[in-house]
Amino acid sequence: MDARVPDHAPEAHLLRRARRGDQAAFEALYQAHASAVHALAFRLTSNAAEAEDIVQETFLRMFGFLSGLREDTPLRPWLKRVAANLAIDRLRRLPRTGTDAELEGLTDEARMSPADAADAEALLRRLPPLARTVVWLHEMEGWSHEDLARRFGHTASWSKSLLSRSLARLRADLEPRGDASHDP
Amino acid sequence: MTPESLQARLAALPEPSLPPSLWPRLHLARVRQRERRRRVIAGSMAVLALVALPFVYTRIVAPPAPQPDAFAAAPRAPLHEEPLRIVDRELQHAYERGASEQELQQLWQRRQAIARSGSASVVPQPFEI
């Protein structure tokens with residue numbers, strides 16, 4: 001017997017109830033996963049309003065796709081994938097910005113306060129949107145370079161290069177002053 | 001800074017708090033979405049019915065088969081038989097109005113003359129009175 005079944009049994013039960021239109025089951029599913037989806041959306045967009053829009057759209061899609069969701073697999077990865085794709089779609093609709101130039105611009109430490117330099121969240125927010133999304137999806141969500149390349153319509157080399165430069169930028173800024181060892 | 005320590009710093013970031021207003025907002029959006037879907041389905045069904053109605057109508061209520069035109073279908077007599085028909089009609093009218101024996105006799109003679117002179121292979125029979 002599949003050892004995963006008992007873990008997902010309550011969720012599968014909620015899914016079955018939600019398919020029958022049980023409002024309480026919808027809310028329970030939302031309460032179980034909304035925080036994680038919201039956190040991801042906020043990390044990718046660095047914008048509270050956009051993050052809320054993405055959470056709403058993600059759960060609306062889940063409600064509209066209930067019959068297609070498998071009961072034997074956890075729901076959260078599916079929800080996070082949908083949220084990430086929505087964030088990427090928004091990013092791709094933005095006017096093209098020079099991510100490379102923006103990354104270079106971050107070397108100007110005069111624009112960064114000492115408090116910001118020690119705050120990973122602030123540094124993440126300062127990354128260009130494209131770089132921030134690639135860093136977070138690769139480092140924290142486990143997306144491969146192939147996944148990123150496919151989703152952004154580029155090559156895996158593009159993803160590797162952008163990630164490498166973005167991480168170098170983050171590490172440099174997070175290093176204690178006078179102890180910086182820059183990556184090649 | 002190692003990749004692991006950077007990942008640890010990112011993982012340790014505090015989770016942003018979920019706005020409590022998001023569930024009511026989502027619930028409202030879901031209700032609207034369902035209403036919109038219901039309207040779209042109803043509209044699609046109506047359009048489908050409108051499109052299918054003429055087809056169904058022509059299948060179920062087939063138009064009556066065209067009746068053969070009585071005049072067109074009636075076998076017309078060959079042209080050379082027309083004088084015979086005229087005399088026959090005159091004979092019929094003569095009998096109906098109780099014409100004199102003499103008049104009837106003349107009509108019969110005319111008819112025999114036409115029948116003899118005509119090339120009709122089959123001599124039409126006079127109408128029954």
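pLDDT is the predictor's confidence in each residue, from 0 to 100. This is a predicted model, in which local features need pLDDT of at least 70 and side-chain atom pairs count only at pLDDT 80 or more, while totals for chains, interfaces and linings use all residues. Residues are numbered from 1 along each chain as its sequence is written, and chains are lettered from A in the order in which they are written.

Colour chain B by confidence. Its mean pLDDT is 80, with 74% of its residues at 70 or more. Select helix α2 of chain B (residues 22-60), where confidence in the chain is highest, at 88, then helix α3 of chain B (residues 70-73), where it is lowest, at a mean of 58. Helices here are DSSP runs (H or I, at least four residues), numbered from the N terminus. Where pLDDT is low, the predicted coordinates should not be read in detail. For the model, ipTM is 0.71 and pTM is 0.64.

Next, select α2(A), residues 23-45, and α4(A), residues 75-93: their axes come within 10 Å and cross at roughly 25°. Axes are lines fitted to C-alpha atoms over the stretch in contact, with angles from 0 to 180 degrees between N-to-C directions. The two helices are therefore roughly parallel (angles under 35 degrees). Residues touching across this pair (C-beta atoms, placed from the backbone, within 7 Å) include A:H33 and A:L40 of α2(A) and A:R76 and A:A83 of α4(A).

Finally, show both chains: 22 residues of chain A contact 18 residues of chain B. On the chain A side, α2(A) gives the most, with 7 residues.

Key: Angles under 35 degrees count as roughly parallel, over 145 as roughly antiparallel, 65 to 115 as roughly perpendicular and the rest as oblique. Two residues are in contact if their C-beta atoms, placed from the backbone, lie within 7 Å.
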